[in-house]
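Trainee: I have a model open and would like to go through the packing. Can you walk me through it?

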Amino acid sequence: MSWKTGKTLAAALAIGGIAFTGAADAQLKAIKTQTNISPAERKQGDEAHPQLLQEFGGAYKGPQAAYVNRVGQNIAVQSGLSRSPSDFTVTLLNSPVNNAFAIPGGYIYVTRQLMALMNDEAELAGVLGHEVGHVAAQHSKKRQSAATRNSILGVLGAVLGSAIGDNGGLLGGLGGLLQNNSMRVAQLATLGFSRSQELQADQLGVQYLHSAGYDPLALSTMLASLANQTNLDARLSGGDARSLPEWASTHPDPASRVRNAQSLANRVGGRGGNRNADAFLATVDGVLYGDDPAQGVVEGRDFLHPDLRLRFTVPNGYGMQNGTDAVSISGNGGQAQFSTGPYSGDMNAYISAVFRSVAGNASISPSAIQRTSVNGIPASYSTARVNSQSGQVDVTVFAYEFSRGQAFHFVALTQAGRGSAFNSMFSSVRRLSTAEAAAIRPRRVDVVTVGRGDTVASLARRMAYSNYQAERFQVLNRLTGSSRLTPGQKVKIVVYANR
């Protein structure tokens with residue numbers, strides 16, 4: 001499964017309370033796994049890899065990349081897909097979302113954000129082993145039919161794909177759906193897996209940990225950290241989790257998922273094995289945390305882009321997901337994306353092009369384009385009403401002319417007649433001043449040594465955030481409010497870095 005942070009609000013991670021009885025033990029032994037990487041898979045992976053890099057912010061260039069590659073290759077060879085570590089390409093992605101996935105062909109990915117949440121090397125190996133387990137068990141081949149209705153390239157795509165029919169439709173327009181084999185592989189990387197497939201991947205991941213000499217309990221502790229992060233993200237966004245991992249979205253009981261992983265670890269050897277916390281913490285020290293200002297940053301309900309010199313604010317209760325090419329906004333009242341496109345000074349042509357891109361092969365009829373001004377910026381907008389399987393929906397394009405050669409726009413989806421849900425957001429777009437842009441700084445992980453008198457509360461106050469400092473610190477280090485720190489202990493805090 002993808003450990004993807006996404007838009008789903010329905011649930012949290014779990015395998016729904018499955019008890020590990022003798023039948024489960026038999027299933028553990030009965031998993032059939034692939035024994036080699038085929039030439040066709042290698043070709044598909046080679047083609048999909050550049051697209052995945054583009055979608056997830058590119059490869060992270062820090063010293064952490066080589067470490068992740070080494071750990072990933074070591075755990076991947078435990079799968080039997082290849083005995084040669086060099087047959088696996090393990091990439092640390094420059095992405096601020098909690099995500100990891102693997103695709104056929106020997107390609108494995110984890111984001112720097114998810115790495116920052118880990119506390120030792122065994123947890124990193126457990127995450128990567130789980131993802132390799134999906135490939136070894138050929139789970140992607142068993143869900144290809146689902147790929148025709150999903151897209152990793154747009155939050156609106158998954159919602160609108162069935163709204164106006166198949167053969168492209170809105171999904172095809174936003175996501176470039178299944179244009180070639182490499183895109184199909186890329187899309188499969190982030191689709192959800194079934195209940196049984198997740199169980200199998202957990203089983204295989206724990207087995208790989210054990211055979212590689214790691215503590216097999218590492219997967220369960222990482223799941224616990226992710227459950228805590230999911231809960232915190234929901235609080236930060238006012239109830240709509242900004243970063244709900246899609247691998248966790250099918251079943252609603254995180255505690256059960258953790259217990260099940262613990263049971264699996266006990267069956268393959270229980271406690272023991274390497275955690276390699278010191279080596280991991282030395283490596284994660286300094287890694288970029290949260291948004292990369294070069295791609296814009298999310299601060300609470302505000303999105304700010306220092307290079308593009310713009311900002312906007314989402315309505316209360318809505319969450320944002322900052323991607324490489326677009327910002328996705330979601331909440332109970334609708335969903336939207338903020339992006340840009342080629343602009344030559346003709347706003348009518350620009351908005352028409354956006355609608356065509358959204359519609360794909362479908363036919364929609366936007367209303368007449370209206371003109372206005374937002375905080376001194378020339379703006380135009382239009383709405384199209386569309387029939388969907390669940391009723392009529394409105395698709396609104398609201399565009400802004402920042403210069404004669406540059407425009408930006410929202411595409412918003414709401415139930416018919418409820419487009420006003422985004423009015424405050426549409427009217428919040430404004431330019432950033434030079435001073436405001438210069439004040440936006442990146443954050444990074446700083447591994448510090450606990451000194452005499454240091455407490456969870458005192459170290460949490462050093463976190464580079466204005467809210468939820470204690471909660472952020474605790475989740476980052478898998479601590480609780482009652483945890484006691486020991487002088488000499490290593491912990492992570494998040495600090496501002498120089499741009």
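**Packing and loops**

Mentor: Take leucine 124: apart from neighbours within four places in sequence, this residue is in contact (heavy atoms within 4.5 Å) with Tyr67, Val68, Val71, Val110, Met118 and Phe280. Before going on, this is a predicted model, where local features need pLDDT of at least 70, side-chain atom pairs count only at pLDDT 80 or more, and totals for chains, interfaces and linings use all residues. Residues are numbered from 1 along each chain as its sequence is written, and side-chain values use heavy atoms, with hydrogens and water left out.

Trainee: Which residues touch the most other members of the largest nonpolar core?

Mentor: Val110, Leu114, Leu124 and Phe473, out of 71 residues in that core. α5 supplies the largest share, 8 residues. A nonpolar core here is a set of buried Ala, Val, Leu, Ile, Met, Phe, Trp, Tyr and Cys residues joined through side-chain atoms within 4.5 Å. Buried means under 20% relative accessible area, exposed over 50%, and partly exposed in between (1.4 Å probe, protein chains only).

Trainee: Which residues does the second core include?

Mentor: The second core is separate, has 24 residues, and includes Val298, Phe312, Phe338 and Phe422.

Trainee: Back to Phe280. Which residues of α13 are buried?

Mentor: Helix α13 covers residues 277–284, and Phe280, Leu281, Thr283 and Val284 are buried there. They sit on the same side of α13 because they cover an arc of only 160° around the axis, taking the directions from the helix axis to the C-beta atoms. Helices (H or I, at least four residues) and strands (E, at least two) are DSSP runs, numbered from the N terminus.

Trainee: What is on the face turned away from the buried side?

Mentor: The exposed residues Asp278 and Ala282. The buried residues of α13 pack against α3 (64–76), α4 (112–117), α5 (121–136), β18 (443–449) and β19 (490–496). After α13 comes glycine 286, with a positive phi near 95°.

Trainee: Which residues of α3 are buried?

Mentor: Gln64, Tyr67, Val68, Val71, Gly72, Gln73, Ile75 and Ala76. α3 has 13 residues and reaches 18 Å from its first C-alpha to its last, close to the 18 Å expected at 1.5 Å a residue; the expected span is 1.5 Å times one less than the number of residues.

Trainee: At what angle do α5 and α11 cross?

Mentor: Roughly 90°, with the axes of α5 and helix α11 (residues 218–236) coming within 8 Å. That makes α5 roughly perpendicular to α11, a label for angles of 65 to 115 degrees. The contact involves Ala122, Glu123, Gly126 and Val127 of α5, and Ala218, Leu219, Thr221 and Met222 of α11.

Trainee: Changing topic: is alanine 326 buried or exposed?

Mentor: Alanine 326 is buried, with a relative accessible area of 18%. The residue is in the loop between β10 (319–322) and β11 (327–331). Leaving aside neighbours within four places in sequence, alanine 326 is in contact with Gln321, Gln337, Phe338 and Ser339.

Trainee: And arginine 309, what is its phi?

Mentor: Near 60°, a positive value in a residue other than glycine. Arginine 309 lies in the loop between β8 (302–305) and β9 (310–313) and is partly exposed, with a relative accessible area of 33%.

Trainee: Last one: how many helices and strands are in the protein?

Mentor: 18 helices and 19 strands. Of the 499 residues, 57% count as buried.

How values were computed. Axes are lines fitted to C-alpha atoms, for helices over the stretch in contact, and angles run from 0 to 180 degrees between N-to-C directions. Angles under 35 degrees count as roughly parallel, over 145 as roughly antiparallel, 65 to 115 as roughly perpendicular and the rest as oblique.
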